[in-house]
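Visitor: Walk me through this structure, please. Keep it brisk.

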Amino acid sequence: MNLDMNTVLFALYPYIAIAVCVVGCWIRFDREQYTWRAGSSQLMRTRGMVIASNCFHIGILFILFGHFFGLLTPASLYHHVITTEQKQLLAIVSGGTFGLLCLVGLLMLLHRRITDPRVRATGTNGDLAILVLLCVQLLLGMATIFASLQHMDGSVMLLLAGWAQSVVTLQPAQAAAYIADVHIIYKLHVFFGISIVLVFPFTRLVHIISAPIWYFGRGYQIVRQKRAA
């Protein structure tokens, strides 16, 4: 496997990012559990927070699941339901709708974090940085829609799916080959997506993989009422 820039960024970098993500999450959860939280600043200023938060979370959850199933579902499976061209159209319409919804919420949250002194004082540079990184990634994702409109045959979508499936099945050379000739806007979108995975353990994003399942095994808390004297 020739170590050109394409191979380094899209065949080796994904495994580095995944390794750092898994090990980093493990260490953080084991050693710094009190930092494993969303760090919500909603109480600092509630005006517009409900709209911003809901738009962002609804949008980003749909995008995450859409990318997961869209990239990792083999064509032989979804061809029983829709064609490749129809799948691309569905991805453009649904991804564009929820991407715009997410972007609106994210920009509202970013504006709030930058302009509100109380929110800014209680946050960190890392909180601001991850919002900016997500904003860049969303804008790149929206830009890929315009590129996709130039070729509605789904050919590039198949190449990107082939890249993702090759990474998952541990075929880095094949992954590099799949993505080698796609437009730069797709490569930037993929690169920033991998980078988000890389920094994931060091941000407040870790709360999305949290589930308080241990509460189901906890004993009841006994609260005694103090009698009046």
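This is a predicted model: local features need pLDDT of at least 70, side-chain atom pairs count only at pLDDT 80 or more; totals for chains, interfaces and linings use all residues.

Visitor: Where does L72 lie?
Guide: L72 lies in helix α2. Helices here are DSSP runs of H or I, at least four residues, and strands are E runs of at least two, numbered from the N terminus.

Visitor: Which residues make the nonpolar surface patch?
Guide: L72 is one of them, along with L61, L64, F65, F68, F69, V168, I208 and I209. The patch covers about 900 Å². Areas come from the Shrake-Rupley method with a 1.4 Å probe, and for residues only the protein chains shown count as cover. Patch residues have over 30% relative accessible area and no salt bridge; nonpolar side chains (Val, Leu, Ile, Met, Phe, Trp, Tyr) are joined within 5 Å, like charges within 9 Å.

Visitor: Which helix gives the most to that patch?
Guide: Helix α2, residues 49-72, with six residues.

Visitor: Zoom out. How many helices and strands are there?
Guide: The protein chain has nine helices and zero strands. Of its 229 residues, 36% are buried. Its accessible surface is about 14800 Å², and carbon and sulfur atoms account for 69% of that.

Visitor: How much of the contact count links residues 24 or more positions apart?
Guide: Among contacts with a separation of 6 or more, 81% join residues 24 or more positions apart. A contact means heavy atoms within 4.5 Å.

Visitor: Next, α1. Where does it bend?
Guide: Helix α1, residues 5-31, bends by about 45° at Y13, with a proline, P14, following within four residues. The bend is the angle between axes fitted to the seven residues ending there and the seven starting there.

Visitor: What covers the buried residues of α1?
Guide: The cover includes α7 (155-168), α8 (172-179) and α9 (184-199). The buried set in α1 includes F10, A11, Y13 and P14.

Visitor: Why does A11 count as buried?
Guide: Because its relative accessibility is 0%. Leaving aside neighbours within four places in sequence, A11 contacts N6, P172 and A176. A11 and S166 are 9.0 Å apart, C-alpha to C-alpha, and 155 residues apart in sequence.

Visitor: And S166, which helix is that in?
Guide: S166 is in α7. S166 is buried, at 2% relative accessible area. Beyond four places in sequence, S166 touches Y15, Q171, Q174, A175 and Y178.

Visitor: How many residues are in the largest nonpolar core?
Guide: That core has 22 residues, and those with the most contacts inside it include F56, C102, L134 and F200. Helices α1, α2, α4 (84-115) and α6 (125-148) each supply at least two of its residues. The largest share, six residues, comes from α6. A nonpolar core is a set of buried Ala, Val, Leu, Ile, Met, Phe, Trp, Tyr and Cys residues joined through side-chain atoms within 4.5 Å.

Visitor: What does C102 touch?
Guide: Not counting residues up to four places away, C102 touches C55, F56, G59, I60, I63 and L138. Apart from that core lies another, of 17 residues, with W163, A164, V182 and I185 among them.

Visitor: Switching to charges. How many salt bridges are there?
Guide: The whole structure has one salt bridge. R204 pairs with D127, with the closest N and O atoms 2.8 Å apart. R204 lies in the segment after α9 and D127 in α6, so the pair ties together parts 77 residues apart in sequence. A salt bridge is a side-chain nitrogen of Lys or Arg within 4 Å of a carboxyl oxygen of Asp or Glu.

Visitor: Is D127 buried or exposed?
Guide: D127 is buried, at 10% relative accessibility.

Visitor: Which residue has a positive phi although it is not a glycine?
Guide: L170, at about 60°. L170 sits in the loop between α7 and α8. L170 counts as exposed because its relative accessibility is 64%.

How values were computed
Residues are numbered from 1 along each chain as its sequence is written. Side-chain values use heavy atoms; hydrogens and water are left out. Buried means under 20% relative accessible area, exposed over 50%, partly exposed in between (1.4 Å probe, protein chains only).
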